Amino acid sequence: MDGARKEFEAAGANVVLIGQLTPRHAAQFRRRQGIGLTVLADEERTSYQAAGAKIATMAELIGPRVAAKGLLTSLRTGRAQGRTLGHPAQLGGAMVITPDGTVAWSHMSEDASDNAPPEEILAAIRQVAAG
């Protein structure tokens, strides 16, 4: 997401990451990953529950598809999954929320490898901006 930050900003979006961690861990994550995006801390996972993010089953965490996609991502990016903080089976998602609080688009993860591509999120932002 941080790699596409300029495109998101050019489309008029303010990207915010919400992690199930403490404010101290959020600051460490930003530094360690070298990202400029805002990272909010939601240790109680209230935002995850409000968004409808699910708790994964064992197969949705470490099944063959998840493991293969994780390996390919690590090889492509040169980064590996770090230590998990918070609930290890909590899945996330991505949402486009308008200034009035309307959820205009969302993608909730079905398994640990299911992340919306930045291009898909950006297309949703552009669609909202176009009316």
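A search of the whole structure turns up three salt bridges, meaning a side-chain nitrogen of Lys or Arg within 4 Å of a carboxyl oxygen of Asp or Glu. A word on the source: this is a predicted model, where local features need pLDDT of at least 70, side-chain atom pairs count only at pLDDT 80 or more, and totals for chains, interfaces and linings use all residues. Residues are numbered from 1 along each chain as its sequence is written, and side-chain values use heavy atoms, with hydrogens and water left out.

Start with K54. Its side chain meets that of E60 at 2.7 Å, N to O. K54 also bridges to E110, with the closest N and O atoms 3.4 Å apart. That pair links distant parts of the chain, 56 residues apart. So K54, E60 and E110 form a network of salt bridges.

Burial next: buried is under 20% relative accessible area, exposed over 50%, partly exposed in between, with a 1.4 Å probe and protein chains only. E60 is buried at 19%. K54 is partly exposed at 25%, and E110 is partly exposed at 47%.

Now D111 and R65. Their closest N and O atoms are 3.1 Å apart. D111 is buried at 9%; R65 is exposed at 52%.

Last, helix 6, residues 118–130. Helices here are DSSP runs of H or I, at least four residues, and strands are runs of E, at least two, numbered from the N terminus. Which residues of helix 6 are buried? I121, L122, A124 and I125. On the other side, E119, Q127 and A130 are exposed. G131 follows helix 6, with a positive phi near 100°.

How values were computed
The expected span of a helix is 1.5 Å times one less than its number of residues.
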